[in-house]
Amino acid sequence: TGEGLFWEPDRNKAYKLLDGERKGVVSSAAAEKLAMEKFQLPVPDPVVSATTATAADSKPQPTSRIMGMFRSKAVTADGKLWFYDNREWGTYDGAPLDSNGDRQGNGKMTYSSGNTYEGDFINNKYHGEKGIYRWADGDYFEGPWKDGERDGAVCIYRKADGAVEYSAYVSGQATGEGLFWEPDRNKAYKLLNGDQKGGISLAAAEKLAKEKFNLPVPKK
């Protein structure tokens, strides 16, 4: 009953639940905050299969476990600089680092899980008008970022199966009215704070997409 949380096995993606039903993706930070405030529990440890563990072990990892726990960057044995975002390590390619070794400007992060982020950084955090975060399972998010969180009036979340969501985000949380289309675009739903509230006509969905997000109906 009420609000709950669901994490994927690798803990790289979290969803809000309502009465036991999955309603929408929430940021890792927002999930961690809700877990502590509502359930007084930390984020559960990731579940790593034998296959995943073998693949991860074949990639360079920060050389110090303590460094991995308490720092946001580390140098691997091969001399490559790694950064820690959203509870996982990854490598960076892009604009030169500043004098402190922090990411500033446009770049790309590639994480051990296969997830990626492409967009701008300010003070070592995702921050800019357009950043694209792709999950290894094929889902992706496109929109503005602020201080490492999704934050902007026009954000697009496309699932691997082709379903698409338009929402506004504030500090990593879907806020206000949004839209969700099934993969074939033959059915649309209104969202409220990221949760599905009810089906609406395709004409009404198209009108709301244009008026609120200045976007057309997404292509299949």
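The side chains of lysine 73 and aspartate 102 meet in a salt bridge, with 2.8 Å from N to O; a salt bridge here is a side-chain nitrogen of Lys or Arg within 4 Å of a carboxyl oxygen of Asp or Glu. This pair links distant parts of the chain, 29 residues apart: lysine 73 belongs to strand β4 (residues 73-75), and aspartate 102 to the loop between β6 (88-94) and β7 (105-111). The structure is a predicted model, in which local features need pLDDT of at least 70 and side-chain atom pairs count only at pLDDT 80 or more, while totals for chains, interfaces and linings use all residues. Residues are numbered from 1 along each chain as its sequence is written, and side-chain values use heavy atoms, with hydrogens and water left out.

**Salt bridges**

- A search of the whole structure finds nine salt bridges.
- Side chains of opposite charge can pair when their charged atoms come close.
- In the pair described above, lysine 73 is partly exposed at a relative accessible area of 23%, whereas aspartate 102, at 19%, counts as buried; buried means under 20% relative accessible area, exposed over 50%, and partly exposed in between (1.4 Å probe, protein chains only).
- Aspartate 137 and lysine 13 form another salt bridge, their closest N and O atoms lying 3.1 Å apart.
- That pair spans 124 residues, from lysine 13 in the loop between β1 (3-7) and β2 (14-18) to aspartate 137 in the loop between β10 (128-134) and β11 (140-146).
- Lysine 13 is buried, with a relative accessible area of 4%, while aspartate 137 is partly exposed at 44%.
- Lysine 190 forms a salt bridge with glutamate 177, with 3.3 Å between the closest N and O atoms.
- The two residues are 13 apart in the chain, lysine 190 in strand β16 and glutamate 177 in strand β15.
- Lysine 190 is partly exposed at 31% relative accessibility, and glutamate 177 is partly exposed at 32%.
- Salt bridges with shared partners join Lys13, Asp137 and Asp139 into one network.

- Strands are DSSP runs of E with at least two residues, numbered from the N terminus, and two strands pair if DSSP finds at least two bridges between them.
- Strands β15 (residues 173-181) and β16 (residues 188-192) run antiparallel and are joined by five bridges.
- Within this pairing, glycine 178 has leucine 191 of β16 as its bridge partner.
- Strand β16 also pairs with β17 (residues 195-200), in the antiparallel sense and over five bridges.
- Here leucine 192 stands opposite aspartate 195 in β17.
- The hairpin of β16 and β17 has two residues between the strands, and asparagine 193 takes a positive phi near 55°.

**Arginine 185**

- Arginine 185 lies in the loop between β15 and β16; that hairpin has six residues between its strands, and arginine 185 takes a positive phi near 65°.
- Arginine 185 is buried yet has no salt bridge, and the nearest side chain of opposite charge, aspartate 184, is 6.6 Å away; Lys and Arg count as positive and Asp and Glu as negative, with His and the chain ends not counted.
- The side chain of arginine 185 reaches the backbone oxygen of glycine 162 at 2.8 Å.
- Apart from neighbours within four places in sequence, arginine 185 is in contact (heavy atoms within 4.5 Å) with residues including Arg158, Gly162, Leu202, Val217 and Lys220.

Definitions and conventions:
Helix = DSSP H or I, 4+ residues; strand = E, 2+ residues; numbered from the N terminus. Polar contact = N/O pair within 3.5 Å; in protein donor to acceptor, adjacent residues only side chain to side chain.
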